[in-house]
Amino acid sequence: MADLTFDTLMDDGNYLGSERAKMENKVILDELERKKKARNMAVPTDDNRVKARLREIGEPITLFGERAADRRDRLIYVLSQITSARGDDHAMEEESSEESEEEGLQEEFYTEGSLELLQARRNLAEFSLPRAQKRVAQQRIDSKIPLGRIIDIRKKVFAGVKRFSNIGSQIGDERPISQVRFAPNNKILATGSWSGTVKLWNVPACTTMRTLRGHGDRVGGIAWHPQATLTQGEGLVNLVSGAGDMCVNLWSLNSDAPLSVMKGHADRICRVAFHPSGDYVASASFDTTWRLWDVNTSKELLLQEGHSKEVYTVEFQNDGALIASGGLDAIGRVWDLRTGRTAMVLDGHVQAIFGIDFSPNGYQIATGAGDDTIRIWDMRFLKALYTIPAHVSNVSDVRFFRADALPPFKVKAKPEPADVVMNGINADADKSHDVEDELQEWNYRSGLYLASSGYDGYVKLWSADDWQLLRTLTTDSGKVMSVDMTNDGELLASGTYNRNFQLFVPEDVPV
């Protein structure tokens, strides 16, 4: 299948002109108009009067299990249907005129973007389309896996997750560790602290590789370039950090000084994120905005408002088309980077959102908040799917497990001739079948579980299909600030308020 690009996008110009499309559009518009009129309809709030009105129009006064609020909603729905069928809008002319007057007072405005932003949006679209196509193709393959095979994979993966245990704790800095993130090669751990330093550690040995000094205030967030420690040169941009000095710093791996310092925020910077392409960086700030930066030019491309209070966290979708932001207003927003529009509003938490992450499946989002819960959102339905009562204090971070493109094991060929047949079974064919099974399991494993950290001193691991608790890991601190997992699933790290970071591994993994 050819990669999906602007040039290969299918555009069915006949669809909008077809009779079927016109009928579908008419039904949708009629339903929207009915709902608009229903919102302006005067309906009694007293339950006895609601029942009396239902009796007047020949409807049951109550249904099994129906509450008073549900009964009033049913009355509104029935009256709107009756009004729509009669075509009688006289009863709502006064309300409609008042609404139109209010709308006239609100002037819609647009902020003109730069040519650099326009080109960036086009680049983001061209980058994300083939990745989304590839993801959907893999999901179609996964959907054909037999149920028995899925159950076997889940049992095997979750059995490994349940074996995670603490292998040690290391003092990381003089002040609390605000965030921990593993490098893409799984051999380096970056820690950011309130002292303003970023440190790189060899893991699991926990020896210091380099200390990066360039911030004048507490570091709030760090993120690795997607190809850092893999194909990205050490002298190029490998790491980004944001801090309370309102600066976003870009770092290489062979210098203690930043390659570039990007300024523009008017208040403390919390979390930062690298776009999957490696060309853009996002930063969340207490100035109630998040911003998009061009890594190559170190220039600000976009200043995005939309939160009523401080923005604490941002994260990109794996495809690269979307970005999610969460703030102290308890609201999360999903933005389409290709158009600049809001794709979804994550409204449900009652306290500030501190952690947010996209699932590798591309359509689910996890948010952790100060109300001690994790909410799982589904973009296909534009609503929350599940609420996990995760911790007994603030949920500080959430991270889905993301598998590498290739599994961490290698199937070694046995030193026997290719044509050897044992018990009527060709050895090469048998090994090939084993490799296919392992690859199938590894592809399905990505996004199958997630980790959370909380101010109750625990790190918890959850299944990402039925959202059940798999493992609770204790730390040596009352507050866990951050959590992260390696792409091979063999290491988990947490950063804590008491200046330490901990490493966890499955019990059967040699260290």
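So, what covers the buried residues of helix α1? The cover includes α3, residues 68–86. Buried here means under 20% relative accessible area, exposed means over 50%, and partly exposed lies in between, with a 1.4 Å probe and protein chains only. Helices are DSSP runs of H or I with at least four residues, strands are E runs of at least two, and both are numbered from the N terminus.

Before going on, a word on the model: it is predicted, so local features need pLDDT of at least 70 and side-chain atom pairs count only at pLDDT 80 or more, while totals for chains, interfaces and linings use all residues. Residues are numbered from 1 along each chain as its sequence is written, and side-chain values use heavy atoms, leaving out hydrogens and water.

Back to α1. Which of its residues are buried? Ala-21, Arg-34 and Ala-38. They cover an arc of only 160° around the axis, which puts them on the same side of α1; the arc is taken from the directions from the helix axis to the C-beta atoms. On the other side, Glu-19, Lys-26, Leu-29, Leu-32 and Arg-39 of α1 are exposed.

Now look at α2, residues 47–56. The axes of α2 and α3 come within 10 Å and cross at roughly 35°. Those axes are lines fitted to C-alpha atoms over the stretch in contact, with angles from 0 to 180 degrees between N-to-C directions. Contact means heavy atoms within 4.5 Å. Among the residues making this one are Val-50 and Leu-54 of α2, and Leu-75 and Leu-79 of α3.

Finally, the whole protein: seven helices and 30 strands, with 46% of its 511 residues buried.
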